[in-house]
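Welcome! Keep the structure in view as you read.

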Amino acid sequence: MKLLLTSAGIINTSIHDTLVDLLGKPIAESSALCIPTALYANPGGAGRAWQFISGREPRCPMCELGWKSLGVLELTALPSIDIGLWVPMVQETDALLVGGGDPLYLSYWMRQSGLADLLPSLRRETVYVGLSAGSMVMAPNVGEEFVGWNPPSGGDRTLGMVDFSLFPHLDLEQFPENSLAHAEKWAAKMPVPGYAIDDQTAIKVTDDTVEVVSEGHWKLFTP
């Protein structure tokens, strides 16, 4: 599985071209499943989930890119249905579009649903595309600054499928707490390297190679 970890979706030409390269074919010839689950733990989550699914969130383009086919994978529903109804669908899709919201809520339901266990076995052609929390969840942990919804086990642990953490929306005007100064304080407490990325930046991960794709600004912090 290949990863494209974004702060704000497929927001510019560089990130768009990287997605197409990872897919190995045009978006119009590719299938995708979108995962809105993380949004439900945020205020107004139901409405924002509808915007995400219906491709009506131009500030964070994901579902509105012109996919050949598009479905919804709702993680909270998966534990109650037979795995034969959804696992083959995930295995056959070209891209998983994982929306933003609360990263710990998303991590919890990725584990509860069984998707977290399935991800490492997906075919190499599958592309995981994260948006904000959908990107952060792949890290070992998110940092106390990003703890909103509290998991039953407590803490800030996430899936640990990459060996770095992410601080998204760097210097975004709407989020004054996401300044570079705050990112530096966040990074100083993290046990792994951390990327602070603005909305024009994404992290591409293929095999053991990590590459920054950016038309904006970013900073790598090391412990």
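The largest pocket holds about 850 Å³ of space. It is lined by 33 residues, and those closest to its centre are Asn42, Arg48, Ser132, His169 and Phe175. Please keep in mind that this is a predicted model.

- Rolling a probe the size of a water molecule over the atoms shows where empty space is left.
- Two helices, H2 (45–54) and H6 (133–136), each give at least two residues to the lining of the largest pocket.
- H2 provides the largest share of that lining, with three residues.
- Sorted by class, the lining of the largest pocket has 14 nonpolar, twelve polar and seven charged residues.
- The second largest pocket holds about 290 Å³.
- Its lining has 14 residues, and Leu3, Met161, Val162, Val205 and Asp207 lie nearest its centre.
- In the lining of the second largest pocket, ten residues are nonpolar, one is polar and three are charged.

- Most residues other than glycine have a negative phi.
- Ser132 has a phi near 55°, a positive value in a residue other than glycine.
- You can find Ser132 in the loop between E5 and H6, and it counts as buried at 12% relative accessibility.
- His169 is not a glycine either, yet its phi is positive, at about 55°.
- His169 sits in the loop between E6 and H7, and its relative accessible area of 10% makes it buried.

**Helix H7 and its two sides**

- Which residues of helix H7 (residues 180–188) are buried? They are Ala183, Trp186 and Ala187.
- Looking down the axis of H7, you would see its buried residues fall within an arc of 95°, so they line one face of the helix.
- Lys185 and Ala188 are exposed on the other side of H7.

**Helix H4, a mostly covered helix**

- In H4, eight of the eleven residues are buried, which leaves the helix mostly covered.
- The buried residues are Pro103, Leu104, Tyr105, Leu106, Ser107, Trp109, Met110 and Ser113.
- Among the elements that cover them are strand E2 (31–35), strand E4 (95–98), helix H5 (115–118), strand E5 (127–131) and H6.
- Ser107 belongs to H4, which spans residues 103–113, and is buried with a relative accessible area of 3%.
- Leaving aside residues up to four places away in sequence, Ser107 touches Val137, Arg157, Thr158 and Leu159.
- For a sense of distance, the C-alpha atoms of Ser107 and His16 are separated by 26 Å, and these residues are 91 residues apart along the chain.

**The nonpolar cores**

- In soluble globular proteins, nonpolar side chains tend to be buried together.
- The largest nonpolar core here has 46 residues, and those that touch the most other members are Leu73, Leu75, Val90, Met110, Leu115, Tyr128 and Met138.
- H4 contributes the largest share of this core, five residues.
- A second, separate core has 24 residues, including Ala8, Leu39, Trp67 and Ala95.
- What does Leu75 touch, not counting residues up to four places away in sequence? Its contacts are Ile35, Thr37, Leu106, Trp109, Met110, Ser113 and Leu115.

Note on methods:
Residues numbered from 1 in each chain as written. Predicted model: local features only at pLDDT ≥ 70, side-chain atom pairs only at ≥ 80, totals over all residues. Heavy atoms only, no water. 1 Å grid on protein atoms, 1.4 Å probe; cavity = no way out; pocket = protein on both sides within 12 Å on 5 of 7 lines; lining within 4 Å. Points joined across faces, edges and corners; volume = space filled by probe spheres on them. Helix = DSSP H or I, 4+ residues; strand = E, 2+ residues; numbered from the N terminus. Nonpolar A, V, L, I, M, F, W, Y, C, P; charged D, E, K, R; others polar. Buried < 20%, exposed > 50% of the residue type's maximum accessible area, 1.4 Å probe, protein only. Arc of directions from axis to C-beta. Contact = heavy atoms within 4.5 Å. Core = buried A, V, L, I, M, F, W, Y, C linked by side-chain atoms within 4.5 Å.
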